[in-house]
Amino acid sequence: MEHPVPNFVSTTKFCPRVPDRGWRSWHYEALDCRHSRVLLVTADAVMPGVIIVWDPMTGWQREMYKPDKYTMYRRHHGAAVLCTASGCNHLACHEGPFLVVFVGMVKSHGGCFARPWVFSSETGEWSASRFSLDLDVKAVVLPVPPVLVGDALHYLIEHDAARDLGILKYDMGSTCLSLIFVPVSVRRLLCGDAILMAMADGSLGLARRTANLTIKLWSMQMVSDNVVSWTPLRVVDLKILLPIQRPMKNLILNGSVEGRDIIFVNTDLGIYEIDIKSLRLKKHLKGEKELMCLIPYMGFYNPQSITVDSYTKIIIVHT
C-alpha cells in the first residue's frame, strides 16, 4: 500500500510529518535509515511483520508485508533501505525507486541459516536469493542498523553459542552472504560496546569502547576472497574529550553516520556526536538516556518550483 507525497511541505523548522492516515495503533521499531527514507517494522502481536518505508519530510510511506513463509522473531532479522534511481546523488530521494534488503535467521531441525530477500518498489514483490549461509543455532542479529560500504551491507551479529561478535556481509552484486570475523579483542563484547562504521575513505570501520573510557578504532581491508585484515587506526580518550561525572558508569556507543567518520556516544550527561578525526563534539540530548541505538536521518527537499534546498537532520531513536 502506497501513500502519495503531499502537495505542500513546510519550509520552517523541521518536524517529521505524520502520514495523513496516522500511525494506527501499532508499535513500531526503526530498523534503518538511508537516502531520505526510514525503515520501520511493526513489533507487536496485533499486526506483526508489516514493514514500512517512510519519508519524514513529506509524510509519504509505503507498506509491505514480510517475506512469504518467514516467521518474524525479535533479534532474528535485520533490514536496510536503499535508493535505486539511476544517477541519483542520494540527497533528495523522496519519490524514486528503492529496495528493501531483508536478512533473516531461519531456524529449523536444530540448525540455523541466514537468507536474504530483496523487495523492489518497482515490481512490488520480494525476491529470495538462492544463496544462504549456515550459522550456529544460537546466532542472532543485534538491534543496530547495517552499514553500507560499496555494494555490500554489513550486519552486526552474535554468531555462536559463546555470543561472539561477527559481521554478516551481504553482497548485492552476487547476492551472497559471508561471515567476517572481528578482531579478537572485540569478539566477546556486548551490544553497545562496539559499532560498525562506513568510513569516509570507503572502508568498513569498527569502533569499540574499553573499560578505561577510550574508543579504539579499526579499519578493514580485503586481502583476498573471504580473507580480511583489521588495521588499528587510533585511540580516542573520552576522559579528556567528554564531561563525564560518573566514570564507572558504562558508556554506550549508539551509532554512526555513514561516510562521515562520526559516532554517537551515550554518557551520564547526555548523548554526544563525535567526529573521530577532528574530535569535534556536538551534544544532541541532555541527561542520562536509556537508549541503545540512534539512527541518523539526513535529507534535502527541493520541489521543482523552488530553487532553494531545505536541509534537515534528525535522530530516529531505536531502543
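Q: How many salt bridges does a search of the whole structure find?
A: The search finds seven. A salt bridge here is a side-chain nitrogen of Lys or Arg within 4 Å of a carboxyl oxygen of Asp or Glu.

Q: What kind of model is this?
A: It is a predicted model, where local features need pLDDT of at least 70, side-chain atom pairs count only at pLDDT 80 or more, and totals for chains, interfaces and linings use all residues. Residues are numbered from 1 along each chain as its sequence is written, and side-chain values use heavy atoms, with hydrogens and water left out.

Q: OK, which residues are linked in a network of salt bridges?
A: D32, R34 and E258. R34 meets D32 at 2.6 Å, N to O. R34 also meets E258, at 2.8 Å, N to O. Strands are DSSP runs (E, at least two residues), numbered from the N terminus.

Q: What about E158, which residue does its side chain meet in a salt bridge?
A: R163, at 3.2 Å, N to O. E158 is buried at 4% relative accessibility, while R163 is partly exposed at 42%.

Q: Now D55. Where is it?
A: D55 sits in the loop between β4 (50-54) and β5. D55 is buried yet has no salt bridge. The nearest side chain of opposite charge is R37, 6.3 Å away. Lys and Arg count as positive, Asp and Glu as negative; His and the chain ends are not counted.

Q: So what does lie by the D55 side chain?
A: The backbone nitrogen of M57 lies 3.0 Å from one of its polar atoms.

Q: How do β4 and β5 pair?
A: They are antiparallel, over five bridges. Two strands pair if DSSP finds at least two bridges between them. V50 has Y65 of β5 as its bridge partner. The hairpin has six residues between the strands, and G59 takes a positive phi near 85° there. Four of the five residues of β5 are buried, so β5 is largely enclosed by the rest of the structure.

Q: Switching to rings. How many aromatic pairs are there?
A: Six. Rings of Phe, Tyr and Trp (its six-membered ring) pair if their centres lie within 6.5 Å; planes under 30 degrees apart count as stacked, over 60 as edge-to-face and the rest as tilted. Y70 and F102 are edge-to-face, with 5.3 Å centre to centre and 75° between the planes.

Q: Why does that pair tie together separate parts?
A: Y70 lies in the loop between β5 (61-65) and β6 (77-83) and F102 in strand β7 (residues 98-108), so the pair ties together parts 32 residues apart in sequence. Both Y70 and F102 are buried. Ring pairs also link them with W117, F119 and W126 into a cluster.

Q: Last one. Which strands form the open sheet?
A: Four of them, in the order β16-β17-β18-β19, with antiparallel pairing. The edge strands are β16 (194-198) and β19 (227-237), each pairing on one side only. Five bridges join β16 to β17 (residues 204-209). M197 has G205 of β17 as its bridge partner.

Terms used
Buried < 20%, exposed > 50% of the residue type's maximum accessible area, 1.4 Å probe, protein only. Polar contact = N/O pair within 3.5 Å; in protein donor to acceptor, adjacent residues only side chain to side chain.
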